[in-house]
Amino acid sequence: MKRAAAATVFGCASVLLSYPGETFGDDLAAVADAIAGLPAGTARNRLAAARAWFAALSPLEAAGLYVDTFDLRRGTNLYLTYYRHGDTRERGMALTALVDAYRTAGYRVAPGELPDFLPALLELAAAHPAGAAVLGEHRMALDALRVSLEQGDSRYAPVVAAVADALPGPSRADREALRRYRSQGPPSERVGLEPFAPPEVLGQGAQR
């Protein structure tokens, strides 16, 4: 997929995977306009179907669906480093590396947000090629999230699948890591280590 089209897919997916706030209706209208500019294909069809379904929900219904899908289930959370590293020291190191990737691209992580939050990474990927490269590095996590959403027949699954459509295919290592995750889950939390992120990462979407 060409860079411009991929950037549009990432931008649309960022909106559709974000918490539906007060501007949700306007955001969905903007997504519809952006989708109309995409070339015909699977990614466009997936995004259009998801946007239409969400547009039929009330704001309260949309918010409840989001919380139930992403906030209450570890297997479908939106923090990509969790899928490979769980709550371990390695995850903290991966988060720190992501902060550096944002900085290299000329962006910073929004206060209170972790750098592996998928909507923020998608926003970065829509704005800068480095963001797409970062997404590609987390292909296994995207595929793990997609599979879990598909198994639950979630309306969010086509959105994540559209993102995968816009990226290069998974490597052999990605496929093996996904197989391992599906059979074993993420690494277990290790005693004496703080989960999720070190202090220097916590309290930091992509902002210029």
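Let's start in a loop. Aspartate 153 sits between α9 (139-151) and α10 (157-165). Helices here are DSSP runs of H or I with at least four residues, strands are runs of E with at least two, and both are numbered from the N terminus. Aspartate 153 is not a glycine, yet its phi is positive, about 55 degrees. For background, most residues other than glycine have a negative phi. Is aspartate 153 buried or exposed? It counts as exposed, because its relative accessibility is 68%. The cut-offs: buried is under 20% relative accessible area, exposed is over 50%, and partly exposed is in between, with a 1.4 Å probe and protein chains only.

A word on the source. This is a predicted model, where local features need pLDDT of at least 70, side-chain atom pairs count only at pLDDT 80 or more, and totals for chains, interfaces and linings use all residues. Residues are numbered from 1 along each chain as its sequence is written, and side-chain values use heavy atoms, with hydrogens and water left out.

Now the whole protein. It has eleven helices and two strands. From the N terminus the order is α-α-α-α-α-α-β-α-α-α-α-α-β. The C-alpha trace spans about 50 × 35 × 35 Å along its principal axes. Of the 208 residues, 47% are buried.

Next, α10. Seven of its nine residues are buried, so this helix is mostly covered. The buried ones are Ala157, Val159, Val160, Ala161, Ala162, Val163 and Ala164. What covers them? The cover includes α1 (3-16), α3, α7 (118-127), α8 (129-137) and α9. Contact here means heavy atoms within 4.5 Å.

On to the aromatics. How many aromatic pairs does a search of the whole structure find? Nine. Rings of Phe, Tyr and Trp (its six-membered ring) pair if their centres lie within 6.5 Å; planes under 30 degrees apart are stacked, over 60 edge-to-face, and the rest tilted. Take phenylalanine 54 and tyrosine 156: this pair is tilted, at 4.8 Å centre to centre and 40 degrees between the planes. Phenylalanine 54 lies in helix α3 (residues 42-55) and tyrosine 156 in the loop between α9 and α10, so the pair ties together parts 102 residues apart in sequence. Phenylalanine 54 counts as buried because its relative accessibility is 2%. Tyrosine 156 is buried too, at 3%. Ring pairs also link a cluster: Tyr19, Trp53, Phe54, Tyr66, Phe70 and Tyr156.

Two more residues. Alanine 63 is in helix α4 (residues 59-71). Its relative accessible area is 10%, so alanine 63 is buried. Leaving out residues up to four places away in sequence, alanine 63 touches Tyr19 and Pro20. Its C-alpha is 9.8 Å from that of serine 18, which is 45 residues away along the chain.

Threonine 76 comes in the loop between α4 and α5 (81-85). Threonine 76 is buried, with a relative accessible area of 8%. Which residues does it contact, beyond its neighbours within four places in sequence? Thr69, Phe70, Tyr83, Leu145, Ser148 and Leu149.
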